[in-house]
Amino acid sequence: MSEIAPEALAEKAAEDAPVSSPDPAREIGAPRRRSEDARLITGRTRWTDNLQPPGTLHVAFLRSPHAHARIVSVDVEQARARPGVVAVFSGADLAEEQGGLPCAWTVTEDMKTPLHPPMAVDEVRHVGEPVACVVARDRYAAVDALEEIDIDYEPLPAVVDMEQAVRDGTPLVHADLGTNESYRWVFENGDVDAALRDAPVVLERRYVQQRLIPTAMEPRAVLCEPDGEDFTLTSATQIPHILRLMLATVTQIPEHRIRVVAPDVGGGFGSKLQVYGEEVLCLLLARRLGRPVKWTESRSEGNQATHHGRDQIQRLTLAADRDGRIRGLKVDLLADMGAYLMLVTPGVPLLGAFMFNGIYKMDAYSFTCTGVFTTKTPTDAYRGAGRPEATFGIERLMDELAAELDLDPIEVRRRNWIRHEEFPYDTIAGLTYDSGNYEAATDRALALFEYDKLRAEQADRRERRDGVQLGIGVSTFTEMCGLAPSRVLGSLSYGAGGWEHASVRVLPSGKVEVVTGSSAHGQGHETAWAQIAADRLGVPFEDVKVLHGDTAVSPKGMDTYGSRSLAVGGIALYGACDKVVDKARKVAAHLLEAAEDDLEFDAGRFSVRGVREAGATLQEVALAAFAAHDLPDGVEPSLDSDATYDPDNFSFPHGTHLCAAEVDTETGMVKLRSYVAVDDVGSVVNPLIVEGQVHGGLAQGIAQALYEEAVYDAEGNLTTTTMADYLVPSAADLPEFVTDRTETPATSNPLGVKGVGEAGTIASTPAVVNAIVDALRHLGVDDVPMPCTPERVWRALREAFDENPEPSTGTAPGAGGGLGSAGGAQ
Amino acid sequence: MIPASFEYVRALSVEEAVTALSAAGEDAKVLAGGQSLMPLLRLRLAYPDPLVDVGRIEELREIRDTGDALVIGALATHHQVLRDPLVRAHAPLIAQATATVADPAVRHRGTFGGSLAHADPAGDLPAVAVALDAVFLLRSVRGEREIPAADFFVDWMTSALEPDELLTGIRVPKLGPGWGVHYEKFHRTAQAWAIVGVACAVRRERGAIEDARVALTNMGPTPVRAHAVERFIEGRSVSGDAFRAASEHAAEGTSPPADLHGSSEYRAHLARVLTARALTAAAAV
């Protein structure tokens, strides 16, 4: 039974009631249901795989079964002879024109970047790497013909373990680079060695961020249609604009000859923030064959070939005083790049450099990250990208510190966090947190969670030596999102800026088209952007159409990732709306024969100050501008406006998440009993969308804690290629979430908004693991590696019991069947 | 993934089905609800030739009362089975275990006979059939044959069905008064297979266990009857201590697999813990 306060339920029920704001001036903040959902969830829409232009050819890729091997020979003759087959190519056949896939983030001057051909030519370096492709009249013929391709491989040693990979004498992933280290990146502020030397309390921990598979609901899919010298490439991508530029760079097809369309896209979580070999190859094949070419990945293909996320080994040292005040933190990471550097692979772990300090004050900090090549699928952005890893590290350490000092984990945090009156605050990692109120979010969360009551129950269960122990996990997180100020990206040697673009077109009938460079792949932009435009222009929500995801329609943009859409793209839209109103004001003043300064604009209507009767609606002004019969001199006949917004700072959402976990000490099974998330994402455009983002984020973060792991065997074979082996939880496996918000507006943008897309994922993983460890700490357990499977929990208990059969505090669990029988197991 | 091409035969009667199977060779496969077979085809782990689709043979959907037993048609869907009043009344262990199979979408398509004929030791229903001493009813052009559950499961995903035989139904002896049942399934997510499962039926009389049947899911290449547990507990008074002592024998004679979800050692441990729980739950009639 979940322990949810009745008031919380009542509030939640009230929030759940459908709302359609009748007052356009109040659109921002209205919990509208998403207008795009009906078509998305019924599938009556343009998913890439739904598109089938006449004459479409289908591509299938043959992929390496080896983690590492030299390609001795490729024989495609038999495959060419199969019925329905139009063409077969090996990597060598396309070696000249396919070039290499881009990495846009050279994090150090001496970073080693291997050539990454879309199809392997001489050597394969991970299972699932494409080595040949078949183009056929239908998908069946293409896949059948793959079985007729004969490839002779000479196996080379797999490089699976990162710690082994960086040792001298280890086989190399890329022999020509002479090392498995891509780069070493260092950040230091203050004398961390002195802090570690002098502090009375020093904790050292090693945590592993397991490798994850992003698992978007829609697999990747690409369709490329040639039209003379022009190409339209439709892809299930998060980044149509970046993809267009990169395709031009890789293929040398001029940028203006390529149109990229991201139609409705079914989730990405970073996995579609990428320039994939299959995208490049579909473009090249369409050019060669002069016909539309399509490829859709299967789930098991995607598990091997869509980039993975996380995968770090963290060595953390925390120095503190006896009262719990943090003196310094030293972070030493090994980050698995996989076999190649993809679009932002090397930069992902470095986003964590700015986040390992969390919400806490400290005197000294150092961060070192070594990027390591292995013969595994490349890693890259995955929901949170670097920040979940860092947040996990610091939030686990805070619980460890509390245990070491026998303090309540909330109290340890209070003693270290930035107090609300201290904002803006320059952190030890070099960022300026503009705003926040950790006290308010924490107080709210504690109340909703019924913290004291659960602590009492925990004590009781310990006392009773209950077979099911209760643990409480805390995560008081912040994150940096709204990527990103261009000058900051420049200082980090990122290959592009972080601005975003928006256009507003006011049609003659007064309807409004909003064009955004930040296209949605599930986030609900069509609703939220319409709310912003309706609010700012005072037009009905239904009168706004949001256009996105097509470089011909939305020519400028930096796309969707890093919780940037609202905090960057939304502000561009806000700016464009203001420009529309400014333009309209000139026309309205002329129509009303008044001075511009005498006009006020409210709820979509200009009126002369003090004379409400005399006025003109935006629609009337739009029509007058369209007719252009009577415009003032020098005023163009259009209200249309563009704005490009480059943020001054990141946005820093924060929150307090509390998790109660019941751990069955006999089986090791973990059951989440309750979960409270109080997030502060600043001002909110649509609370319903925010709550949805939090729910999905929690599911994904909890999944890392309990369920998901991409597993490779010693030979470098991915063993989790299907969803039977790679466990993604469903609603049935998750507790009822209690969500609430505090609202501390961001001071860095006029809407006061912060990003919310990644917050839940970032916060929840340490909350869950902290809860599990808290349930078992009195039994001698101080860590369980992720995912915390029942067997791993059971083994942690057993090892603790073997070390100390009678812990001084607490008790061995389950005298009848638990550790008793565990200890006696064979 | 895309299956390789295959020959397809749709049978509209049992006669048509067994005739088609008789004409086919060793590689023929019977398609019922497709919830296990289709993934194997799509992953190209199975290359049937031909695929004999029996999904429209209405007569095999029936669940009948034959006096001291029920006969469940092989094509009864899981959804149908778990809601059927006869099953709930006379074979509640089947209803209980069926409710844990996968998710509602799978349960509406997957069939009782299909998941038994698939003979996956990680499936929930094979252990239940073994625990209940069910009898498998087979048909071929050569005639009819009956095989007890204990002999039906031969090896990992291998049953006693000959290539030309069709499973038409399963006869399940009714449990009379005094019986309590429980299926204890241990899995990581709602839709995941059991790491270990325990199917248990016990008959209590005057405070003692008179009769016990315990079978284990995913503790070897076939479902395993935990005879040592049964022998230990039969005749003993109902008590937690007795159940725990009996459950210590749960892993005897098993050869549990090791995979991503659990080592053999862990499975052996789970079998003991879960057997104690299953006995306790079943005995609390």
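Trainee: How many bridges join β11(B) to strand β12 (residues 196-205) of chain B, and do the two run parallel or antiparallel?

Mentor: Strands of a sheet pair through backbone hydrogen bonds, either parallel or antiparallel. Here eight bridges join β11(B) to β12(B), and the two strands run antiparallel; two strands pair if DSSP finds at least two bridges between them. Helices (H or I, at least four residues) and strands (E, at least two) are DSSP runs, numbered from the N terminus. One position to look up in the pairing is Lys185(B), whose bridge partner in β12(B) is Gly197(B). Before we go on, note that this is a predicted model, in which local features need pLDDT of at least 70 and side-chain atom pairs count only at pLDDT 80 or more, while totals for chains, interfaces and linings use all residues. Residues are numbered from 1 along each chain as its sequence is written, and chains are lettered from A and ligands numbered from 1 in the order in which they are written.

Trainee: Is strand β11 (residues 179-186) of chain B mostly covered or mostly exposed?

Mentor: β11(B) is mostly covered, since six of its eight residues are buried. A residue is buried if 20 or more other C-beta atoms, placed from the backbone, lie within 10 Å of its own, exposed if 12 or fewer, and partly exposed in between.

Trainee: What order do the strands have in the open sheet of five strands in chain B?

Mentor: The order is β4-β5-β10-β6-β7, with antiparallel pairing. At the edges stand β4 (63-65) and β7 (143-148) of chain B, each with a single partner strand, so one side of each is left without a neighbour in the sheet. Direction ignored, neighbouring strands of this sheet are turned by 20° against each other on average; axes are lines fitted to C-alpha atoms, for helices over the stretch in contact, and angles run from 0 to 180 degrees between N-to-C directions. Within the sheet, β6 (residues 135-140) of chain B and β7(B) pair in the antiparallel sense over six bridges, and Phe136(B) has Ile147(B) in β7(B) as its bridge partner.

Trainee: Which pairing does the open sheet of three strands in chain B have, parallel or antiparallel?

Mentor: That sheet, with the order β1-β3-β2, has parallel pairing. Its edges are β1 (8-10) and β2 (29-31) of chain B, and because each has a single partner strand, one side of each is left without a neighbour in the sheet. β1(B) is joined to β3 (residues 51-53) of chain B by three bridges, and Tyr8(B) has Leu51(B) in β3(B) as its bridge partner.

Trainee: At what angle do helix α8 (residues 240-251) and helix α9 (residues 277-289) of chain A pack?

Mentor: Two packed helices are described by the angle between their axes and the distance between the axes. For α8(A) and α9(A), the angle is about 60° and the axes are 11 Å apart. On one side of the meeting are Leu243(A), Leu247(A), Val250(A) and Thr251(A) in α8(A), and on the other are Glu279(A), Val280(A), Leu283(A) and Leu284(A) in α9(A); two residues are in contact if their C-beta atoms, placed from the backbone, lie within 7 Å.

Trainee: How far apart are the end C-alpha atoms of helix α17 (residues 525-537) of chain A?

Mentor: They are 17 Å apart, which agrees with the 18 Å that its 13 residues should span at 1.5 Å a residue; the expected span is 1.5 Å times one less than the number of residues. As for its cover, 13 of the 13 residues of α17(A) are buried. Gly538(A), which follows α17(A), has a positive phi, near 65°.

Trainee: Which residue other than glycine in chain A has a phi near 60°?

Mentor: Arg310(A) has that positive value, and its place is in strand β13 (residues 309-320) of chain A. Arg310(A) is buried, with 29 other C-beta atoms within 10 Å. In chain B, Ala102(B) has a positive phi of about 45° although it is not a glycine, and Ala102(B) is found in the loop between α5 (92-98) and α6 (104-109). With 19 C-beta neighbours inside 10 Å, Ala102(B) counts as partly exposed.

Trainee: Where does the cis peptide bond that joins Met786(A) to a proline lead?

Mentor: That bond joins Met786(A) and Pro787(A), with omega about -10°, and Pro787(A) lies in the loop between α21 (759-776) and α22 (790-803) of chain A. The peptide bond from Asp49(B) to Pro50(B) is cis as well, with omega near -5°, and Pro50(B) is found in the loop between α2 (37-42) and β3 of chain B.
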